[in-house]
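Hi,

Here is the structure I promised to pass on.

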Amino acid sequence: MPELEAFQDAFAAALRRESSATDAWLKTPDDPGLDVYRNTVTAGAVDALASIFPTVSALVGEAWFRAAAARFTRVTPPTRPSMLDYGEAFPAWMSMFPPAADTPYLGLVAHIDWLWWEAHFAGDADLLSFSAIATLDESDLDRRGLKLHPAVRLARFDQTLASLWLAHQAPALSVER
Amino acid sequence: MTPTAGLSLKPQHYAEALATPAVGQWFEVHPENYMCEGGPRLAWLAAIRERHPLSLHGVGLSLAASEDPDRVHLVALKKLADRFEPFVISEHLAWSQRGGIYNPDLLPFPRTLDALQRIVANVSQAQDVLQRRILIENPSLYLDLQGHEMSEVDLLSELAKRSGCGLLIDVNNVFVSANNLGFEAEAYIDAIPAAAIGEIHLAGHRPDIAVGENLLIDTHGEAVSEDVWTLFQRLVTRIGPRATLIERDDNIPAFDELLTERHRAGAMLEAASARADRELAHA
């Protein structure tokens, strides 16, 4: 195996504390520098989740959220360099997360955050105005059909959940929200 | 025209960035944050791009790796470059992807001949897809690895020669790596081939919480340190002015605070330019 490849495998395992094969390349065993990389990798993924799921974080507090998110990143690490798509599996994971058993709504709140995030980055399209619809007769409508805007997301949930989510939308949560 | 100083563009500052009248003001973004279909983020970038030059500074191509650069990612980068026409595209001398997992960090590697060959091939592939020269940035290092067959300066110089890429010199990374690994930052700054350097980065750092001053962390969350300003002065005195970024990604201050740092860098570039002109006149 070429050396670069062998090193990458050893280093990736060291990041996850799964092996000490990186030791062959370290001048100092247990070099604290290794922790800098471990911390940055985890923080990068956790920061991405914190941007996507601010309502969950507001409900449980930042410290609890970051600890839970760090656990999620270990089971479901990012796979792509653009992390705008990272975290789709987080709502379902949160619903099954044992420490969140007393707050079963967290996974559902995460689901709404995810839909908001998808809508936020969805394609742009002009809206069809009422006056434009008014010019179409029935056969026009049949022929042309109507399409949903790319940013529309549909979900069904208990009404109290929507109120809970809305009650925790503070402008300070995210500069883009 | 003298190269000018620019700023990292952060969502907190979109409105101020759009309105700023600063002459020569350019902005830099991580393209990974704009790889989406649409929405307000892309709309802001488009509006700001209409008034200011833009630089795309990638973090995800994983060029110092045994695998080819991620094709989907490269194509997404090309799409952004086609739309926003950046005056420069840059990436890092580091890796992040391995075996289907993306590690959101700029990871180190032993600087072997094998590694150099892979990186030359990967940078060439990226440049072929993007149909332009890119700049490669020196990393900040936290681990003293063994097995290096060449210095970082030699690797970067050879990479530039073989692939045709340019270099982005992050002065703070030089300072941080020199501190952490125990080499002389001035010697590094003096040895980088001037002709290859297309851009300079300035950023802040802080000591590691556990270890202290012996391990500095390149946080992009502090003001540029005086040590780094001194090294920057040394670099531009030797090579002349280059487009210079005040890089801030964390602990984002008020826009005006960044403008003050940008102004300081800009004045130093002007002075370096005037000096270069005088030397030319006397030659």
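Predicted model: local features only at pLDDT ≥ 70, side-chain atom pairs only at ≥ 80, totals over all residues.

Among contacts in chain B between residues at least 6 apart in sequence, what percentage join residues at least 24 apart? The answer is 76%.

Let's start with the overall build. Chain B contains nine helices and 12 strands. Its C-alpha trace spans about 50 × 50 × 45 Å along the principal axes. The radius of gyration of chain B is 18 Å, which agrees with a compact globule, because a globule of 283 residues would come out near 19 Å. As for burial, 49% of the 283 residues in chain B are buried.

Now for some strands. One is strand β12 of chain B (residues 243-246), which pairs with β1(B) in the parallel sense over three bridges. The other is strand β2 of chain B (residues 26-29), and β1(B) pairs with β2(B) in the parallel sense too, over three bridges.

Next, a pair of helices. Helix α6 (residues 171-181) and helix α8 (residues 226-239), both of chain B, have axes that come within 9 Å and cross at roughly 120°. The crossing of α6(B) past α8(B) is right-handed. Which residues meet there? From α6(B) you get Val171(B), Asn172(B), Val174(B) and Phe175(B), and from α8(B) there are Asp227(B), Val228(B), Leu231(B), Phe232(B) and Leu235(B). Sorted by class, the residues of this contact are seven nonpolar, one polar and one charged.

Finally, the place where the two chains touch. Chain B puts 46 residues into the contact and chain A puts in 40. On the side of chain B that touches chain A, at least two residues each come from α2 (40-51), α3 (71-84), β5 (95-98), β6 (101-107), α4 (113-130) and β11 (212-217) of chain B. Which element gives the most? That is β6(B), with six residues. By class, this side of chain B has 21 nonpolar, 15 polar and 10 charged residues.

Cheers

Note on methods:
Residues numbered from 1 in each chain as written. Chains lettered and ligands numbered in written order. Helix = DSSP H or I, 4+ residues; strand = E, 2+ residues; numbered from the N terminus. Rg over C-alpha atoms; globule rule 2.2 N^0.38 Å. Buried ≥ 20, exposed ≤ 12 C-beta atoms within 10 Å, placed from the backbone. Contact = placed C-beta atoms within 7 Å. Nonpolar A, V, L, I, M, F, W, Y, C, P; charged D, E, K, R; others polar. Axes fitted to C-alpha atoms, helices over the stretch in contact; angles between N-to-C directions. Left-handed = near helix turned anticlockwise from the far one by under 90°. Pairing = 2+ DSSP bridges.
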